[in-house]
Amino acid sequence: MSKLKEILSEAKEVLERVDETAVTETAVLLAGGQRIFVVGEGRSGLMAKSFAMRMMHLGATVYVIGETITPSISPGDILVAVSGSGTTHGVVWTAQKARELGAFVIALTTDDGSPLGRSASRLLTIPAATKHRREGERRSVQPLGSLFDQCVHLVLDSVCLSYAELRGVDHAAAYKQHSNVE
C-alpha cells in the first residue's frame, strides 16, 4: 500500500469513530456564542489557528490565545482547546482558567479522562494515535501526533461547514472575508 493510501486509511478509520452528532452540536454552540477563542500547542496549535482563520472567513469573531491582539475572555465566550494527550500544560491551564471565568470550553482530545477532558464543557473525542503511543491508543505508521492533527483538521472543517450552513454563509460571502492584501 502506498504511504498516501496508508494515511488516508488511518484517517478514515479514526473519523468513522468520531461522534457526528457532537460535531454538529458543536457548530450550533459556536453559532450561538459571543466570541470564539482557540488554544493549542505545536501542530495541534496550528490546527486550532487554521480553524480560527476559517471561522473568521465565515464571519465569526475569533481570537487565538497568546496573540498580542487577543482580548480577555468573558462569560458567554467559547474556548476551543486542542491537545492530543489532553495533558499539554498550557492548554489545560487555559481551559481551566477559561471555565473559572465563565467561558464554555470545547476540548478536542483523544482522552476523555485527561485533565483537558475533565476541564471541558463539551468533548469532541478524536480516537487517534498521539506522540505518547499509550496503551489502548490506535496504532499509526505516522510519526508522533500526525494522525490526531490530521483528523482534528478534518473534524474542525466539518464544524465549519455546519456553522456556515447555520449562519447562511456561502463561498462568495466567505471569499469576501479572505485577505485581499496578499
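α3 passes α6 in a right-handed crossing. This crossing, like every other feature described in these legends, is taken from a predicted model.

**View 1. The contact between helices α3 and α6.** On the α3 side, the contact is made by R43, S44, M47, S50, F51, R54 and M55. The α6 side contributes S146, F148, D149, V152, H153, L156, V159, C160 and Y163. Sorted by class, these residues of the α3 and α6 contact are 9 nonpolar, 4 polar and 3 charged. The two axes come within 9 Å and cross at roughly 15 degrees. Because angles under 35 degrees count as roughly parallel, α3 is described as roughly parallel to α6.

View 2. Helix α3 covers residues 42-57, which is 16 residues. At 1.5 Å a residue the helix should span 22 Å, and its end C-alpha atoms are 23 Å apart, so the two values agree. Which residues of α3 are buried? They are S44, G45, M47, A48, F51, A52, M55 and H57. Just after α3 comes G59, with a positive phi of about 95 degrees.

**View 3. S44 in helix α3.** S44 lies in helix α3. Its relative accessibility is 9%, and S44 therefore counts as buried, the cut-off being under 20%. Apart from neighbours within four places in sequence, S44 is in contact with V82, G84, F148 and D149. F148 and D149 also belong to the α6 side of the contact between α3 and α6.

**View 4. The contact between helices α2 and α6.** The axes of α2 and α6 come within 8 Å and cross at roughly 55 degrees. That angle makes α2 oblique to α6. The crossing of these two helices is right-handed. From α2, the residues in the contact are V23, T24, T26, A27, V28, L30 and A31. They meet V155, S158, V159, S162, Y163, L166 and R167 of α6. By class, the contact of α2 with α6 holds 9 nonpolar residues, 4 polar residues and 1 charged residue.

**View 5. L161 in helix α6.** L161 is found in helix α6. Is L161 buried or exposed? With a relative accessible area of 65%, L161 is exposed, since the cut-off for exposed residues is over 50%. L161 and A27 are 134 residues apart in sequence, and their C-alpha atoms are 8.4 Å apart in space. A27 is one of the α2 residues in the contact with α6.

View 6. V18 sits in the loop between α1 (3-15) and α2. V18 has 10% relative accessibility and so counts as buried. Which residues does V18 contact, leaving aside neighbours within four places in sequence? The partners are V23, T125, I126, P127 and V155. One of them, I126, is 108 residues from V18 along the chain, with a separation of 6.1 Å between the two C-alpha atoms. V23 and V155 also take part in the contact between α2 and α6.

Methods. Residues numbered from 1 in each chain as written. Predicted model: local features only at pLDDT ≥ 70, side-chain atom pairs only at ≥ 80, totals over all residues. Heavy atoms only, no water. Helix = DSSP H or I, 4+ residues; strand = E, 2+ residues; numbered from the N terminus. Expected span 1.5 Å × (residues − 1). Buried < 20%, exposed > 50% of the residue type's maximum accessible area, 1.4 Å probe, protein only. Axes fitted to C-alpha atoms, helices over the stretch in contact; angles between N-to-C directions. Parallel < 35°, antiparallel > 145°, perpendicular 65-115°, else oblique. Left-handed = near helix turned anticlockwise from the far one by under 90°. Contact = heavy atoms within 4.5 Å. Nonpolar A, V, L, I, M, F, W, Y, C, P; charged D, E, K, R; others polar.
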